[in-house]
Structures are given as structure tokens and as C-alpha cells.
Amino acid sequence: MTIIRITKAFNFEMAHSLKDHDGPCRNIHGHTYELFVTISGSPRREEGHPANGMLIDFKTLKDIVNKHIVQKYDHAFVVSNRSPWADNAQAMHSKMIVLPFEPTSENLINEFAGILKKVLPPEVSLHSLRLRETTTAYAEWYAEDND
Ligand SMILES: [Zn+2]
């Protein structure tokens with residue numbers, strides 16, 4: 001049985017503020033995040049099936065990640081529930097997400113992994129994620145490190 005990995009890349013714009021940071025990341029600022037989602041599995045061998053020869057259609061993977069992560073976080077302002085901003089969600093009149101943890105790349109990628117593990121179809125498994133916050137910095141999550 002051949003195991004293959006496929007990766008799809010996503011982009012979203014997100015602002016955040018890190019409550020405990022002792023530098024400029026305390027300030028409200030934004031990033032163009034790049035999220036790389038890598039899944040693994042065996043290509044389908046089923047004559048006539050639209051996904052014959054695929055793990056899953058890239059379009060299916062795109063729709064899942066867009067629905068559960070990108071649409072939620074794109075152009076959102078994200079803070080922890082301990083941030084002073086968390087109490088101002090109404091006053092901000094904006095798309096705001098309050099999380100039970102600081103919105104660092106490390107915490108966000110762990111959150112995204114938990115979401116995707118629940119919603120990916122059973123025939124594939126989440127292999128890894130890469131979340132790029134700047135041109136020189138990214139976090140990675142690997143199933144083998146965490147399962
Ligand atoms: Zn930042």
C-alpha cells in the first residue's frame with residue numbers, strides 16, 4: 001500500500017495582540033499568515049470514482065480548510081480571554097475572536113490541528129501543518145510528535 005502526502009496552501013490576514021509579550025507584539029498588529037496543510041493516505045483505486053487516483057480532491061481539502069479555519073480567522077482581530085481587548089468586542093464593531101490562550105503561532109497551529117483532525121474525512125489523516133507568520137518565522141505541528 002502506497003502512502004502519499006499532499007499539501008495545500010492557504011493565506012489569511014489576521015491581527016492579534018499578545019497580552020504578556022514584553023515587546024512590540026503587545027501592540028495590535030497584523031500578519032499575512034500562510035497555512036500549509038499536509039495530509040497523508042493511500043490514493044483511491046476505484047474506477048469511475050471522481051477521486052480515483054487521489055487521496056481526496058484538492059478542492060475538497062480546500063473547502064474544508066476554508067470553511068473551518070480561513071473564513072473564521074481571515075481579517076479577524078484575535079486575542080486571549082485575558083486581554084483587555086476581550087471585553088471590548090462589541091465596541092470594536094469588528095470581527096473579533098477571543099481564545100482561551102494567547103494567539104501565538106504555536107497556539108494557533110495547535111488549535112488548527114485539533115479542528116482539522118475532527119473534520120477531515122476518515123480516509124486521510126493529518127500529517128502536519130506549517131503556519132508562517134512572517135517571511136522568516138513559522139511554526140510546525142506534526143502528528144508524529146503529538147499523537
Ligand atoms: Zn504578531
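The points below describe a predicted model of a single chain, from its overall layout down to individual residues.

1. Overall layout. The chain contains 4 helices and 6 strands. In sequence order these elements follow the pattern β-β-α-β-α-β-α-β-β-α. Along the principal axes, the C-alpha atoms occupy a box of roughly 55 × 30 × 25 Å. Of the 147 residues, 20% count as buried. Among contacts between residues at least 6 apart in sequence, 58% join residues at least 24 apart.

2. The sheet. The 6 strands make up an open sheet with mixed pairing, in the order β4-β3-β1-β2-β5-β6. Its edge strands are β4 and β6 (137-142), each of which pairs on one side only. On average, neighbouring strands are turned by 30 degrees against each other, direction ignored. In general, the strands of a sheet pair through backbone hydrogen bonds, either parallel or antiparallel.

3. The β1-β2 pair. These two strands are antiparallel and share 13 bridges. Within the pair, A15 stands opposite G30 in β2. The loop between β1 and β2 holds H21. H21 counts as exposed because 12 other C-beta atoms lie within 10 Å of its own, and the limit for exposed is 12 or fewer. In sequence H21 and E102 are 81 residues apart, yet their C-alpha atoms are 9.7 Å apart in space.

4. Helices on the sheet. Helix α1 lies across β1, β2, β3 and β4, and runs at about 20 degrees to β1. Helix α3 also packs on the sheet, where it touches β2, β5 and β6. The direction of α3 makes about 150 degrees with that of β5.

5. Geometry of α1. This helix covers residues 58-73, and at 1.5 Å a residue its 16 residues should span 22 Å. The C-alpha atoms at its ends are 21 Å apart, which agrees with that expectation.

6. The buried side of α1. Its buried residues are L61, V65, I69 and Y73. They pack against β1 (4-16), β2 (29-41), β3 (76-80), β4 (96-99) and α3 (105-119).

7. The nonpolar core. The largest nonpolar core has 22 residues, of which L35, V37, I39, I109, F112, L129 and L131 touch the most other members. At least two residues of this core come from each of β2, α1, β3, α3 and β5 (125-134). Leaving out residues up to four places away in sequence, L35 touches F10, I69, F112, L129 and L131.

8. H75 sits in the loop between α1 and β3. Its phi is near 60 degrees, a positive value in a residue other than glycine. H75 has 12 other C-beta atoms within 10 Å and is therefore exposed.

9. The loop between β3 and α2 (89-92). A86 is found here. With 15 other C-beta atoms within 10 Å, A86 is partly exposed, because that class lies between the limits of 12 or fewer for exposed and 20 or more for buried. Apart from its neighbours within four places in sequence, A86 is in contact with V79, N81 and V98.

Key
Residues are numbered from 1 along each chain as its sequence is written. This is a predicted model: local features need pLDDT of at least 70, side-chain atom pairs count only at pLDDT 80 or more; totals for chains, interfaces and linings use all residues. The expected span of a helix is 1.5 Å times one less than its number of residues. Two residues are in contact if their C-beta atoms, placed from the backbone, lie within 7 Å. A nonpolar core is a set of buried Ala, Val, Leu, Ile, Met, Phe, Trp, Tyr and Cys residues joined through C-beta atoms within 7 Å. Two strands pair if DSSP finds at least two bridges between them. Axes are lines fitted to C-alpha atoms, for helices over the stretch in contact, and angles run from 0 to 180 degrees between N-to-C directions.
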